Amino acid sequence: MKVLNKVVSSVELFNQEVEQRVCEARNDAKVGAGWLQRWGEIQRSIPQVITPTGISLPRLPLPELDEPGLIARYLCGEGLPGEFPFLSSVYPEMYLEPEDGSKPQEEPTRLFAGLGTAEETNARFHLLTKSQQSHRLSTAFDGPTLYGMDSDADGVFGKIGEGGVAVDTVEDMERLFDGFDLSDPQTSVSMTINGPAPTIMAMYVAAAKRRFSSGVEKVLRGTVQADILKEVQGQNEVLFPVAASLRFLLDMMEHSVSHFPKWYPVSISGYHISQAGATPVQQAAYTLSNGFAYAEMMRERGVAVDVFAPRFSFFFDCGVDVEFIALSRVCRKIWAIGMRDVFDGDLRSQRLKMHTQTSGRSLVSAEFKNNLTRTALEMVMAYMNATNSCHSNSADEPFTTPSEEYVKLASHGQSILLEESGLFRHMMNGLNGSPGMKAVERAVEAEILKEFAEIERLGGVLGAMEHRYQRSQIQAASYRYEQQILSGERRVIGLNRYADSSDAELPSVVRVADAVKLKQVERVRAFKLKNKEAAAEALDGLSQVVENGGNVFAQLIETVEVCSLGQITERLQRDVGVFRPMI
Amino acid sequence: MGRSNLVSDPLRILTAVPLCDGHDSAVMAVNQALIHHGFEVVYLGYHRSVEDIVRAAIQEDVVAVGISSYNGGHLEFFREVVESLAAVGRDDIGVFGGGGGTITPADVVLMKSYGVDEIFLAGTSFEWIAERLRELYRGRRDRTKYEQSTVADDRDLAMVLSAVGELDLDEKKWQRGSAKVIGFTGPGGAGKSTLIDEWVRGYLAGKPDGRVAILTHDPSSTERGGLLADRASMVYAQNDRVFMRSLATRGRQGGFAPSTENCLRVLASMEAGFDHVLVETVGTGQEALPFEGSVIDTKVLVLHPEYGARVQLQKILMMDRADVVVLNKTDWASAARAVEEVMHQISLRNGGGVRLYQTQASEHGNVGVTELRKDLLG
């Protein structure tokens with residue numbers, strides 16, 4: 001049986017087993033007494049916390065159960081926070097303020113930045129982190145970089161540094177993280193790059209080696225997105241044919257899990273699938289199935305599950321639809337069961353660790369300040385779902401690379417939620433377990449499993465991709481969404497409801513000056529001129545590794561010393577071909 | 001033979017997303033809506049350069065180009081498209097566009113000042129887009145009186161193809177040249193476009209002076225509109241040595257469009273001067289014989305391994321007429337069985353002589369495609 005079908009059977013079997021435990025607890029007095037005793041022990045072990053207003057609350061409130069069957073269903077089917085199947089959360093305490101006043105287990109706030117040249121983005125990073133102990137540097141790249149092109153390529157001038165930072169060479173990468181100690185356990189870097197991810201990651205490693213001692217690889221912390229499957233399905237930043245793209249990615253993942261033990265070499269992403277128009281269920285189903293596909297490919301390469309699976313991370317979108325009150329919980333459950341029962345992974349492999357971003361698509365340009373409310377609502381749902389980290393969008397994003405004013409509001413929004421409000425500080429599960437949440441869980445889980453069966457019927461993730469299954473489903477959903485907005489069935493305040501034409505205020509738009517773009521063009525030209533001869537030789541060396549089946553990523557760490565991103569992309573495209581887009 | 005009145009023909013529009021931009025959900029939604037409103041939309045796809053857009057607009061002889069831009073750089077990009085069209089004497093081709101909030105109202109004013117006809121911002125209804133495009137471009141193009149007799153470049157050729165329609169062609173003017181005409185047909189999903197594109201990739205690399213024309217077909221759907229999207233995935237065919245034209249079937253059954261025969265004669269003419277002309281039918285059914293009575297030299301039937309039971313193969317009429325049979329997607333699990341069945345079926349044919357190639361066109365430099373290329377060039 002194929003992997004996805006095995007996952008479907010495992011989840012169904014798990015649900016049946018839970019119900020068997022419930023029956024046992026009810027029908028066998030001895031078993032029932034055992035559950036009651038355990039429940040009592042758990043309740044007694046939970047410490048109390050005194051709120052600033054002076055009331056006493058349990059740090060982990062539990063449902064009010066006094067019947068053995070229901071207790072068994074809760075403990076086996078949902079699990080306490082940090083316990084299989086991790087419906088509540090992957091760790092016991094997440095963002096709770098520890099009793100001894102130390103740092104919470106998770107510091108979830110992330111802010112994505114990238115604008116202009118490496119120096120400007122570096123300055124933004126310093127601004128964002130100046131009052132923070134830990135430095136979480138989340139990097140957005142500009143269009144030419146996302147497509148593996150140099151800033152001096154024909155026709156890209158207008159796009160240099162727009163929406164993200166321009167990185168052409170290892171020298172740009174050094175400038176980007178100047179002044180940050182990349183070997184510090186408090187520093188973590190995330191790079192949102194996919195098609196050219198192996199080259200960009202190689203530049204990051206090479207830059208770190210240049211600035212710190214060799215051996216710094218072992219302590220590098222962070223994530224590179226690198227999820228090529230979702231690119232083919234939704235976001236369209238693909239440089240090479242699917243088979244070659246997967247080979248380069250797997251080369252990087254394999255090298256990373258054995259050489260950079262603290263790095264996450266893939267962030268399996270539903271965000272872009274959702275942004276391309278997918279429904280919440282589609283987002284969850286395609287993302288999880290992509291995750292299982294990567295797991296299968298790594299296993300086929302002979303990498304042990306407990307080596308690679310703990311280094312997988314996930315990335316989800318959180319929008320305003322009701323599914324989001326429980327979507328991530330269900331994802332954690334399905335992943336945990338799949339990794340345990342289909343892949344024989346240990347507890348670390350079973351934990352789905354996720355980053356959540358509030359939904360860019362839910363933001364609109366009409367009466368854009370309403371976007372603050374949309375983002376706030378989405379953040380609440382993301383944290384209700386115990387996300388490991390969260391990026392909150394800036395209200396001005398429909399127009400522009402976020403301005404400092406709105407970046408600050410987005411950042412402070414998270415602080416208000418986590419530090420100022422009492423929602424997540426004192427209690428785990430403050431909002432869990434409502435009847436509505438359980439209803440959404442059941443509905444969403446059933447629909448995800450149906451999608452898995454359909455993908456499997458079409459030949460698994462890759463076969464379904466060849467049939468354009470995911471793409472056409474996403475496009476159909478996108479078309480429905482647009483029609484719903486136009487017909488008013490989907491209400492968007494300020495756009496198709498309560499719109500006030502007198503309120504046409506616009507934020508100031510951040511654009512990159514031509515002089516800055518020119519500087520980047522000249523810089524990459526100078527780099528290529530300086531390394532002209534060495535580059536020709538390095539590119540031939542790279543081609544040789546492509547040809548003889550060696551690890552392309554390991555070679556790229558050398559190649560980037562003298563070659564630009566565009567030179568490497570062109571050479572690899574000559575060797576393995578160009579991706580033919582799917583409509 | 002009479003001709004249809006071109007003024008009432010569907011409006012042909014080219015749509016694309018600029019270089020380094022992969023945001024295609026809006027443009028796909030607009031494509032669908034325009035088709036529904038009776039437009040023929042030639043979709044070039046995303047991450048497309050100004051050069052690709054202008055070349056396609058000229059070759060397809062569209063009335064306008066629509067560009068959907070989401071991640072910045074639109075001021076420069078639109079201006080370059082407008083200027084490049086003017087530079088080749090085709091400033092009659094309109095330029096319009098749209099995007100999310102990244103295009104500000106101030107940008108719109110600026111873009112209109114340098115020749116962009118219209119920008120549709122977020123929240124614009126599809127009805128309004130269709131109405132506005134009709135208002136802007138209906139009646140702009142009338143090729144009925146076009147009488148070009150010499151074909152100096154792509155631009156002339158494109159306009160001739162629009163003008164010939166279903167007229168009786170002047171045989172002397174469009175005398176057959178040395179071009180070899182190769183027809184590709186087969187069921188939808190067999191991978192014909194990918195096969196042709198991979199064929200062209202190797203052709204361009206191996207023949208530094210070779211010029212090739214490609215005529216592709218897609219079905220017209222409701223209300224006469226149609227999505228012509230072969231260009232979106234045929235990346236190697238976007239080249240100055242390739243002339244590509246996409247036709248909608250406009251109600252014609254069997255694989256071709258009403259103007260296909262005339263277009264083929266023009267493309268295969270001495271005047272047009274191509275070395276090879278490739279024509280791809282729409283995805284066809286078992287009974288289709290699209291190449292009967294046509295100027296095709298070599299008939300290629302492309303199949304994929306999932307044609308069903310063996311008996312289905314016996315029902316494909318083209319199996320008895322094709323010069324070459326290509327079994328594509330040989331990486332599929334069912335390929336081995338299919339090869340055996342197709343070989344058997346071919347062996348039953350009277351006279352024999354049919355050549356079989358096994359290809360995996362999605363693979364870069366595929367051996368089967370290389371062999372097919374050699375055969376068809378021979």
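Start with chain A and select its two domains: 8 residues of domain 1 of chain A are in contact with 8 residues of domain 2 of chain A, where contact means that the C-beta atoms of two residues, placed from the backbone, lie within 7 Å. On the side of domain 1 of chain A that touches domain 2 of chain A, the residues divide into 1 nonpolar, 4 polar and 3 charged. Nonpolar covers Ala, Val, Leu, Ile, Met, Phe, Trp, Tyr, Cys and Pro, charged covers Asp, Glu, Lys and Arg, and the others, Gly among them, are polar.

This is a predicted model, in which local features need pLDDT of at least 70 and side-chain atom pairs count only at pLDDT 80 or more, while totals for chains, interfaces and linings use all residues. Residues are numbered from 1 along each chain as its sequence is written, and chains are lettered from A and ligands numbered from 1 in the order in which they are written.

Helices are DSSP runs of H or I with at least four residues, strands are runs of E with at least two, and both are numbered from the N terminus. Axes are lines fitted to C-alpha atoms, for helices over the stretch in contact, and angles run from 0 to 180 degrees between N-to-C directions. Show side chains for Val3(A), Leu4(A) and Val7(A) of α1(A), which meet Ser289(A), Phe292(A) and Glu296(A) of α11(A). This contact has 4 nonpolar, 1 polar and 1 charged residues.

Next, display both chains. Here 36 residues of chain B are in contact with 40 residues of chain A. Elements of chain B that give two or more residues to this side include α1 (25-36), β2 (40-48) and α3 (74-87). By class, the chain B side has 13 nonpolar, 19 polar and 4 charged residues.

Finally, select 192-206 (α7) and 367-377 (α12) in chain B, whose axes come within 10 Å and cross at roughly 70°. That makes α7(B) roughly perpendicular to α12(B). Among the residues making the contact are Trp199(B) and Tyr203(B) of α7(B) and Leu372(B) and Arg373(B) of α12(B).

Definitions and conventions: Parallel < 35°, antiparallel > 145°, perpendicular 65-115°, else oblique.
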